[in-house]
Amino acid sequence: QLFLGGELSTVVTAAVWVGGRWYPAQVDEASRTVTLAADAQAEVDAWVQDGSDDLVIRAELEGARREREWRAARVWVPETERRAQAVAAAQASREWCVPQARPATIQRTFLVCMDTETGDLRTRRSNERGATIDQDNRALSTGTYIEVAVRHPAYTDVRITLQDARGGSQGQAPAVSPAQPGPVETEVTHRLFAPREAGTVEVRTESGAAPVTVTTLDVVDRYLAAFRLGMAVTTPAHQAWKAGTPDASGLAPIIASDGDIVDGELVVSVAPFLQRGGRDYLVPQPFRLAPQFGLGVVAVNGASIRFSLLQSYYLGAELELTSTFAVSLSGSLRRVGRLASGVQAGDLIDPSTSIPTIHRFHPGIAVAVGFTPRGLRLKAPAR
């Protein structure tokens with residue numbers, strides 16, 4: 001397009017010199033644009049490509065004593081439009097969806113960014129060190145501060161409220177508002193809200209004549225520990241004994257009952273989560289480690305089925321595969337049956353007498369799988 005700069009009154013006639021000849025033209029005084037016939041437009045396109053000749057526009061203005069002349073450059077933008085384009089480009093390239101208000105203590109932060117003009121909505125969840133965990137997710141965990149950043153036209157009042165089951169809150173403004181370099185056409189207003197309890201939270205934004213914006217967020221629980229019910233394969237195995245076949249003297253040797261080299265055992269355990277403030281399940285993570293403490297309840301092998309609240313003790317580490325399922329490797333201390341002191345396998349005894357045995361603690365190793373119903377997780381405080 002061809003634009004005319006400077007003062008411009010009503011145009012009576014106009015012509016454009018390009019490609020070695022004059023072409024009639026039409027001028028729109030309101031937009032300052034010059035319209036040419038199709039053959040002239042082709043010459044202008046060629047001039048833009050090579051620029052070998054000057055492009056001249058002459059116009060007879062109403063009330064003027066003589067014609068007005070413009071010599072064109074291949075790039076020309078009115079000053080007001082150039083300034084607006086520069087401001088728009090500068091603000092578009094500047095990242096405004098960044099946290100500005102930091103809590104007094106190191107805490108997790110959930111940032112909600114809204115642009116009242118474009119309707120753009122972004123979110124960013126950060127850990128205690130300020131590193132981004134995930135983006136564009138409308139769920140956060142308890143114990144997380146909520147910061148709302150609203151980009152709006154400059155000098156426009158903005159009202160930001162947060163509504164949950166306890167009522168509404170205006171939040172707190174940062175101590176110092178962030179400055180924006182260059183010409184200011186938009187501003188960013190920040191508000192900081194304390195952590196909320198589990199449930200649904202609504203962020204309401206009102207700015208000037210723009211419609212009220214309501215953004216719904218889900219607040220989910222964090223957990224300090226999980227109680228698990230599972231099955232372990234563990235050593236050493238419990239051993240039972242019996243009298244063998246009597247010999248000619250009527251005495252029978254002591255032999256081991258048929259059994260397994262390992263025990264299967266029902267285990268109740270607890271896994272404390274070591275993450276600061278507990279663990280949430282907003283971002284899928286297939287492998288989460290935690291220490292594990294367990295207690296054996298019922299043990300089974302080929303020799304016997306026994307019930308004891310203090311059968312075995314476990315200490316080890318678990319690998320959580322899902323929020324309800326984990327596998328663990330532990331050291332064990334088990335109370336298992338053994339022959340009494342001074343008695344060993346093969347000794348001859350009267351078959352009618354009982355075999356002297358004793359229960360002793362022996363160290364071992366165990367592999368277990370555990371399941372955690374939702375109700376057996378210890379919730380972290382909401383604040």
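Mentor: What follows is an account of the salt bridges. This is a predicted model, in which local features need pLDDT of at least 70 and side-chain atom pairs count only at pLDDT 80 or more, while totals for chains, interfaces and linings use all residues. Residues are numbered from 1 along each chain as its sequence is written, and side-chain values use heavy atoms, with hydrogens and water left out.

A salt bridge is a side-chain nitrogen of Lys or Arg within 4 Å of a carboxyl oxygen of Asp or Glu. A search of the whole structure finds 14 of them. In one of these, Arg 125 pairs with Asp 280, with the closest N and O atoms 3.3 Å apart. Arg 125 lies in strand S8 and Asp 280 in the loop between strand S20 and strand S21, so the pair ties together parts that are 155 residues apart in sequence. Strands here are DSSP runs (E, at least two residues), numbered from the N terminus. Both Arg 125 and Asp 280 are buried, a term that means under 20% relative accessible area with a 1.4 Å probe, protein chains only.

Asp 263 forms a salt bridge with Arg 334, the closest N and O atoms being 3.0 Å apart. Because Asp 263 belongs to strand S20 and Arg 334 to strand S23, this pair connects parts 71 residues apart in sequence. Asp 263 is buried at 1% relative accessible area, and Arg 334 counts as buried at 0%.

Finally, a network of salt bridges links Arg 228, Arg 279, Arg 288, Glu 318 and Glu 320.

Methods: Helices (H or I, at least four residues) and strands (E, at least two) are DSSP runs, numbered from the N terminus. Buried means under 20% relative accessible area, exposed over 50%, partly exposed in between (1.4 Å probe, protein chains only).
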